[in-house]
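I keep these notes for a reader who is new to the entry. I record what I looked up, item by item.

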Amino acid sequence: MKRPPLWLASAAVASAWAAIYSAGRWLLLYAERPIHEDMRFTYVAAEAGMRYGWSKIYDPTILHSLSTSFPADQQFIHGSYTYINPPLLAWLYTPFTLFSEPVAYALWTVASLAALYLSWRLASPYTGLAGATLLMLAIGLWPLLLILYLGQPDLLVMALVAAAWWFCSRDRSVETGVALALATFLKPQVVALLPLALLAGGRYRATLSWLVACGVLGAATVLSLGPSGLQSWWQALKDVQADPAQTAETLAHVFGLGPLTYALWFAQGAVALFIAFRRRETEIVFAAGILGSAAVAFHFHYWDYTNLVLAAWLVLRTSPQLAHRFWLALGVIPMQVMTYQASHADIPFVAPQLAWDAVWLAILFAGSFRESAMPAPKQVEIQVTS
């Protein structure tokens, strides 16, 4: 008989129950109300683009008029409650508007789970039970449940970043840049430092490809929005960023928006870039860019931290020391605790997550001074024979 070690079997069982809980919780929420206001923002923005032209997707009057069919207590289009994502998300969501909101919501959830599966297939460091445990653990994380509940595009961003890493590790610079540019134009704050990490890590052609792809997407954005659309977008961004809730999961919430916060942002960003410069392994370059983006973010939410899962998978591919792997496993705790801030807004439950991120940066920084980095291992299945 072949059986896994007890620690792996225990982790698999716990992860399976966590995944079952998340899936069941989402189904119950869907049955109770098969739509969420965040998803409606994207839905009506895509509708506005199709009906009135893409320059109108940030026009609050038009977005509100398209929301009049919603129940009175769910017409949220005003002030900081509006569509603010780049146009690319609305463009991608256009086919979903062919369906009713509940059906579109369900289909988007399926697409998001497919994106998570793709990320896992590309980047998971293990196969077999160990690999399945990593996937179930990711599904069981409460920030990921929030992604599905709110209809956020973070899992699509994760898949694009995983694809960018996969292309980069195979020296396919053009595809790397295109995938990363698409991720940038979906949620720029999640990958803000990653292009700089690529540059620091010596991936010059990939960085140039990213710049060119961003130029193409930027030109398409400007042409589709026009002056009036750009002005509406800028106003929407200002209104949303004025809401303190947008910085509730960042250092600004813990220390305030002052010299200490700016100093910590600068220090952590510099450390992340140094790690990419020093280590050079593709996995570490991408992990440092992802982790650094979260560490320096000034507009971030619980669900955005889910991309640290991909960073952890990439680091595990480099066979880190046991203490390092233990720290990655310990990261599940602050990730879960962080979501409690939703009901206790005055208590900085995000502080443990921010501290964990900083310590992980320190661990990677310390590892940058090793004489030689260990090569990335092939995927293996963790099993023993008894």
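**Surface patch**

I noted that Leu98, Phe99, Val103 and Leu107 form a nonpolar patch on the surface, with about 370 Å² of accessible area together. Patches consist of residues with over 30% relative accessible area and no salt bridge, like charges being joined within 9 Å and nonpolar side chains (Val, Leu, Ile, Met, Phe, Trp, Tyr) within 5 Å. Accessible areas come from the Shrake-Rupley method with a 1.4 Å probe, and for residues only the protein chains shown count as cover.

**Basis of the entries**

This is a predicted model, in which local features need pLDDT of at least 70 and side-chain atom pairs count only at pLDDT 80 or more, while totals for chains, interfaces and linings use all residues. Residues are numbered from 1 along each chain as its sequence is written, and side-chain values use heavy atoms, with hydrogens and water left out.

**Val103 and helix α5**

I located Val103 in helix α5; helices (H or I, at least four residues) and strands (E, at least two) are DSSP runs, numbered from the N terminus. Val103 counts as partly exposed because its relative accessibility is 36%. Buried means under 20% relative accessible area, exposed over 50%, and partly exposed in between (1.4 Å probe, protein chains only).

**Salt bridges**

I searched the whole structure and found seven salt bridges, each a side-chain nitrogen of Lys or Arg within 4 Å of a carboxyl oxygen of Asp or Glu. In one of them, the side chains of Glu101 and Arg40 meet at 2.6 Å, N to O. Glu101 lies in helix α5 and Arg40 in helix α2, so the pair ties together parts that are 61 residues apart in sequence. Glu101 is buried at 14% relative accessible area, and Arg40 is buried at 9%.

I also looked up Glu47 and Arg51, whose side chains meet in a salt bridge of 3.7 Å, N to O. Glu47 and Arg51 are separated by about one helical turn because they are four residues apart in helix α2. Glu47 is buried at 15%, whereas Arg51 is exposed at 54%.

For helix α7 (residues 142-150), I listed the buried residues as Pro143, Leu144, Leu145, Ile147, Leu148 and Leu150. Just after α7, Gly151 takes a positive phi of about 70°.

Which residues does Ala138 contact, leaving aside its neighbours within four places in sequence? I found Leu116, Leu144, Val309 and Trp313, contact meaning heavy atoms within 4.5 Å. Ala138 is in helix α6 and is buried, with a relative accessible area of 3%.
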